[in-house]
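Q: I'm new to this one and would like to learn how to read it. Can we go through it together, feature by feature?

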Amino acid sequence: QGRLVESGGGLVQPGGSLRLSCAAAGFTLDYYAMDWYRQDPGKERELVATITSLGLTYYIESVKGRFTISRGNAKNTAYLQMNSLKPEDTAVYYCSVKIASIRYWGQGTQVTVSS
């Protein structure tokens, strides 16, 4: 069945960049809106970015101009390019897609921004 796997997290200094990848199996992401969420320890999970099936993108205010969500050429991959990273971006990042009434989640990838 449908699965999502994130990768690309790591430790970076403030101002650095990371590109997160999300690989899907069991469905084609091109047919659905795809979301990136993040969750800091002790905080609620929050939506970071969304790309619709038509390619329209949305971002939370705090990441606008720094993060870019995109779909891969294979249509079963998605990415989150994160530039100018700040310590407050530190979190576990999850890709997610809602198919019908079911939301699918990846296992998460840790992003740590620290000097």
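Q: Which cysteines does a disulfide join here?
A: A disulfide is a covalent bond between the sulfur atoms of two cysteines. The search rule is a pair of cysteine sulfur atoms within 2.5 Å. In this structure, Cys 22 is joined to Cys 95, with 2.1 Å from S to S. Searching the whole structure gives 1 disulfide. Before we go on: this is a predicted model, where local features need pLDDT of at least 70, side-chain atom pairs count only at pLDDT 80 or more, and totals for chains, interfaces and linings use all residues. Residues are numbered from 1 along each chain as its sequence is written, and side-chain values use heavy atoms, with hydrogens and water left out.

Q: Where in the chain do Cys 22 and Cys 95 sit?
A: Strands are DSSP runs (E, at least two residues), numbered from the N terminus. Cys 22 belongs to strand 3 (residues 18-25) and Cys 95 to strand 9 (residues 91-99), so the pair links distant parts of the chain, 73 residues apart.

Q: Is Cys 22 buried or exposed?
A: Buried means under 20% relative accessible area, with a 1.4 Å probe and protein chains only. Cys 22 has 1% relative accessibility, so it counts as buried. Cys 95, at 0%, counts as buried too.

Q: What is the order of the strands in the open sheet?
A: Two strands pair if DSSP finds at least two bridges between them. Here 4 strands run in the order 1-3-8-7, with antiparallel pairing. Strand 1 (3-7) and strand 7 (67-71) are at the edges, each with a single partner strand.

Q: How many bridges pair strand 3 with strand 8?
A: Strand 3 and strand 8 (residues 77-82) pair over 6 bridges. Leu 18 stands opposite Met 82 in strand 8.

Key
Buried < 20%, exposed > 50% of the residue type's maximum accessible area, 1.4 Å probe, protein only.
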